[in-house]
Amino acid sequence: MSPTRYVIVGGSAAGMAAAQSIRELDAHGDILILSAEADAPYYRPLIPYIVTQKKTAEEIALMGQGPYTARDIHVRLNSPAISVDTGARVVNVLGGDAVPYDKLLIATGARPYIPPEIKGVDTPGVYAPRTLADARSLAARAGMARHAVMAGGGLLNLKTSFALLERGVAVTLVVASPEVLSQVMEPDGAALIRAALEKVGLRILTGRNVVEVLAGPNGVSGVRLDTGEELPCEILCIGKGVRPNVEFLEGSGIVVERGVVADEYTACSVPDVYTAGDVAITFDPITGKRIMTALWTNAVEMGRCAGRNMAGHPTVYSGTFGVLNATQVADVPFVSMGIVHTSGTPYEVHVHATANTYRKVVFSEDGKRLIGATLVGDISCAGFYRHLIRERTPVNGLKAEIIGQRLHYGHFIRW
Ligand SMILES: Cc1cc2nc3c(=O)[nH]c(=O)nc-3n(C[C@H](O)[C@H](O)[C@H](O)COP(=O)(O)OP(=O)(O)OC[C@H]3O[C@@H](n4cnc5c(N)ncnc54)[C@H](O)[C@@H]3O)c2cc1C
């Protein structure tokens, strides 16, 4: 029997995890990854270290490291898929090549969203850093810049802000919402993080938008805000969310509803085609609603699951929280997961705050299940909470301990 031809479009978290998972189950299949990028696969969340120049591209390479050690996985760089013919079972690649497949994975991720209302985004010095190539260019520009403006107060812009601060660039964050990190927590929780950000030197302007890039002989020379204020800068970073890379699927018959629609086995609407990662629409185990997430861990988990299904081992994907973040911002650790926006909802909410910590837990309307948590400054029990939320476990006698911030391992042993 001839070996199965596995073709994976997109060589990042989801695509590489799928390849690894396929190889573990099928020692003989041909695994080909088509990548639009010129660089070999790498850990995307680590690109801020390229900006700080603390790591090299080799140090953040994906293949051969951690879980990505599978052999005989062929990655074709500079090879964007331009269309998929699901009748003939081929992927058409820029340049004219038609690559046949038996099993196909769509793992093309997402690209930054650039709001059309910002004028002048083609000016040199404007970034929406997503790739290693972007990070290299930003690192070079940081060497000649004194000021940077960051449009958007999400996590990616915060990470890039720290990288630029480390390079000695003064950074101003311009946020449309009343507070930073509005996608992952409500303003009361974010206030602690904001204070920490200001302490490390970040200037934060809320309730404002960048509407125009001002250009000089060396590219960006400043930005204009919707208030009319002008801020001088040599770098503008736009962090306004992402959009899935799905355009090449037009006419393929694969159902796309913003992202590529996956069933519980990560399969698409067309036989032998699967999807995983930022490009996929999956479901939230808490709400049951269809969602898209933009998280490395989710992309890896879903990619591994898709790989198993492609290799003939039916595996249900258990879904992903709409919100699941665990990181550290200016020495303040935080975790936000599940339902975090509760204003105007019927959920049962308990907040425990001190000068340096903020812990909010959210229970279902009937009070029986934990459905969300925002932990800032003190992230203890985050793992327990994640388990309770994800497994939809009735909290029963643990509820008082959760509300009183007294939960510990012992309770699970007695439970
Ligand atoms: C600066 C930064 C920091 C981040 N930090 C974190 C973090 O701390 N924690 C976290 O969980 N997540 C983080 N993320 C998000 C995380 O990187 C993404 O969720 C993850 O990379 C998604 O993986 P993916 O495989 O679905 O897609 P992507 O990583 O987007 O990769 C898709 C690949 O497919 C390629 N491609 C697109 N179209 C085509 C085509 N037509 N043909 C061939 N190839 C194509 C793309 O060029 C890309 O190489 C961060 C992201 C950035 C940019």
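A residue counts as near a molecule if its C-beta atom, placed from the backbone, lies within 6 Å of it. Keep in mind that this is a predicted model, where local features need pLDDT of at least 70 and side-chain atom pairs count only at pLDDT 80 or more, while totals for chains, interfaces and linings use all residues. Residues are numbered from 1 along each chain as its sequence is written.

**Stop 1: the ligand.** Select the ligand and its surroundings: 36 residues surround it, and the closest are Gly10, Ser12, Pro45, Gly109 and Gly277. This shell divides into 20 nonpolar, 11 polar and five charged residues (Ala, Val, Leu, Ile, Met, Phe, Trp, Tyr, Cys and Pro count as nonpolar; Asp, Glu, Lys and Arg as charged; the others, Gly among them, as polar).

**Stop 2: the domains.** Now colour domain 1 (5–111 + 243–310), domain 2 (126–240) and domain 3 (339–414), with bounds from an automatic or database domain assignment. Domain 1 and domain 2 each give the ligand shell at least three residues. Their centres, taken over C-alpha atoms, are 30 Å apart.

**Stop 3: two helices.** Next, pick α1 (13–25) and α6 (296–310), which each supply at least two residues of the ligand shell. Helices here are DSSP runs (H or I, at least four residues), numbered from the N terminus. How do the axes of α1 and α6 cross? They come within 7 Å and cross at roughly 35°, with axes being lines fitted to C-alpha atoms over the stretch in contact and angles running from 0 to 180 degrees between N-to-C directions. Finally, show Ala13 and Ala17 of α1, among the residues that meet α6 (contact means C-beta atoms, placed from the backbone, within 7 Å).

Note on methods: Two residues are in contact if their C-beta atoms, placed from the backbone, lie within 7 Å.
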